[in-house]
Amino acid sequence: MKRRRLGKTGLDISVVGLGTWQFGGEWGQTFAPKDVATIIDKAKDLGINFIDTAECYGDHLSESLVGQAIERDRASWIVATKFGHHFHGHLDRSERWSPQQVIEQLDASLRALRTDYIDLYQFHSGDDAAFDQDELWTMLDKQVSAGKIRYLGNSIGDNRNVYQTARSTDVGVSVIQVVYNRLDRGPEDDIFQSVREQDLGLLAREPLSNGLLSGKYAPGSTFGDLSDWRSTAWQADVLRDKLRAVERIQREEVPAGMSVAAWALAWAIKSPVVTAVIPGCKSVAQLQANAEAAALELSPLS
């Protein structure tokens with residue numbers, strides 16, 4: 001497993017990380033602690049050392065499952081989580097951005113993760129008004145000084161939010177997380193340039209476009225399980241157009257004999273601006289396939 005420097009943090013992280021939204025129960029599957037432990041143990045065996053979770057993947061549920069799985073070897077992992085939302089139920093969240101609310105979230109995340117520090121604590125898809133709170137960043141800086149947080153990040157909600165990216169260094173943010181995949185190349189221009197100028201780490205979430213680039217779905221496919229958030233994520237015509245684009249990409253860009261999922265992950269990793277991709281997985285088999293993509297070498301035209 002290849003590793004890259006996570007921007008100015010200096011942390012070396014695996015180019016394929018482990019996304020954990022699915023552990024919170026909104027992807028059509030319920031996970032028991034032993035299920036998560038099996039996946040995380042295998043991730044370690046494969047050389048993965050980076051886990052990305054959030055306060056609102058369940059009510060700290062994903063964090064709790066991760067915490068149980070890594071408690072015995074916490075030092076082996078670089079753990080990222082997020083703040084700014086409170087989970088009320090399936091796809092039901094409220095926003096909580098005041099410094100007092102955030103420090104309460106931080107303490108709840110530390111308890112759920114069974115740790116006394118978080119490696120990367122990320123502003124979670126907030127708007128510019130929430131971002132522009134000097135008192136919030138002052139409070140977070142104090143938590144860094146206290147040792148509860150090692151580094152601050154921003155998981156940007158609007159994939160083209162150049163304003164928040166450009167202000168990263170001003171507020172002490174060292175890492176940016178964006179949606180980046182073959183179907184959404186929006187960050188490549190202004191966001192990538194700002195990342196390079198500030199020496200930020202860049203995490204690519206949704207590298208398989210929420211499964212659309214997995215190769216499992218053809219135009220006309222639907223997500224029928226209502227417990228899977230993707231069942232209502234797109235209008236039918238939008239989903240059809242996306243899957244048609246995937247079909248074309250597979251036909252015109254993916255080398256013969258290579259799965260579209262492996263190609264899509266390798267395609268994102270190929271960018272020198274991307275530190276790591278953070279796909280989710282529901283099984284050890286999916287995890288292993290994700291990890292194997294790190295070893296693929298794509299030609300400049302791929």
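User: Is His-60 buried or exposed?

Analyst: This is a predicted model, in which local features need pLDDT of at least 70, side-chain atom pairs count only at pLDDT 80 or more, and totals for chains, interfaces and linings use all residues. Residues are numbered from 1 along each chain as its sequence is written, and side-chain values use heavy atoms, without hydrogens and water. Buried means under 20% relative accessible area, exposed over 50%, and partly exposed in between (1.4 Å probe, protein chains only). His-60 has a relative accessible area of 14%, so His-60 is buried. Its place is the loop between β4 and α2 (61-70).

User: What is the phi of His-60?

Analyst: Most residues other than glycine have a negative phi. His-60 is not a glycine, yet has a positive phi of about 60°. Ser-125, also not a glycine, has a positive phi of about 55°. Ser-125 sits in the loop between β8 and α4 (128-131), and at 29% relative accessibility Ser-125 counts as partly exposed.

User: How many helices and strands does the chain have?

Analyst: Helices (H or I, at least four residues) and strands (E, at least two) are DSSP runs, numbered from the N terminus. Here there are eleven helices and twelve strands. The radius of gyration, taken over C-alpha atoms, is set against a globule rule of 2.2 Å times the number of residues to the power 0.38. For this chain the radius of gyration is 18 Å, close to the 19 Å that the rule gives for 302 residues, so the chain is as compact as a globular protein of that length. The C-alpha trace spans about 55 × 45 × 40 Å along its principal axes, and buried residues make up 55% of the 302 residues.

User: What is the order of the strands in the open sheet?

Analyst: Strands of a sheet pair through backbone hydrogen bonds, either parallel or antiparallel. Two strands pair if DSSP finds at least two bridges between them. In this chain eight strands form an open sheet with parallel pairing, in the order β3-β4-β5-β8-β9-β10-β11-β12. β3 (18-19) and β12 (276-278) are the edge strands, each pairing on one side only. β3 runs parallel to β4 (residues 50-52), joined by two bridges, and Leu-18 stands opposite Ile-51 in β4.

User: Which strands pair with β9?

Analyst: Strand β8 (residues 118-124) pairs with β9 in the parallel sense over six bridges, and His-124 has Ser-155 of β9 as its bridge partner. Strand β10 (residues 173-179) also runs parallel to β9, joined by four bridges; there the bridge partner of Asn-154 is Ile-176. In β9 itself (residues 149-155), five of the seven residues are buried, so the strand is largely enclosed by the rest of the structure.

User: How many residues of helix α10 are buried?

Analyst: Ten of the ten residues of α10 (residues 260-269) are buried, so the helix is largely enclosed by the rest of the structure. Among them are Trp-263 and Trp-267. Contact means heavy atoms within 4.5 Å. The buried residues of α10 pack against β1 (3-5), α9 (236-252), β12 and α11 (284-292). Thr-275 lies in the loop between α10 and β12, and counts as buried at 5% relative accessibility. Leaving out residues up to four places away in sequence, Thr-275 touches residues including Arg-4, Ile-13 and Leu-202.

User: Which residues does Val-102 touch?

Analyst: Val-102 lies in helix α3 (residues 99-113) and is buried, with a relative accessible area of 0%. Not counting residues up to four places away in sequence, Val-102 touches Phe-83, Arg-96, Trp-97, Tyr-121, Leu-136, Met-139 and Leu-140. Val-102 and Gly-84 are 18 residues apart in sequence and 6.6 Å apart, C-alpha to C-alpha. Over the whole chain, residues 24 or more positions apart account for 75% of the contacts with a separation of 6 or more.

User: Where is Tyr-217 found?

Analyst: Tyr-217 is in the loop between β11 (201-205) and α9. Apart from neighbours within four places in sequence, Tyr-217 is in contact with Gly-211, Phe-223, Arg-230 and Leu-243. The C-alpha atoms of Tyr-217 and Arg-244 are separated by 9.8 Å, at 27 residues apart along the chain.
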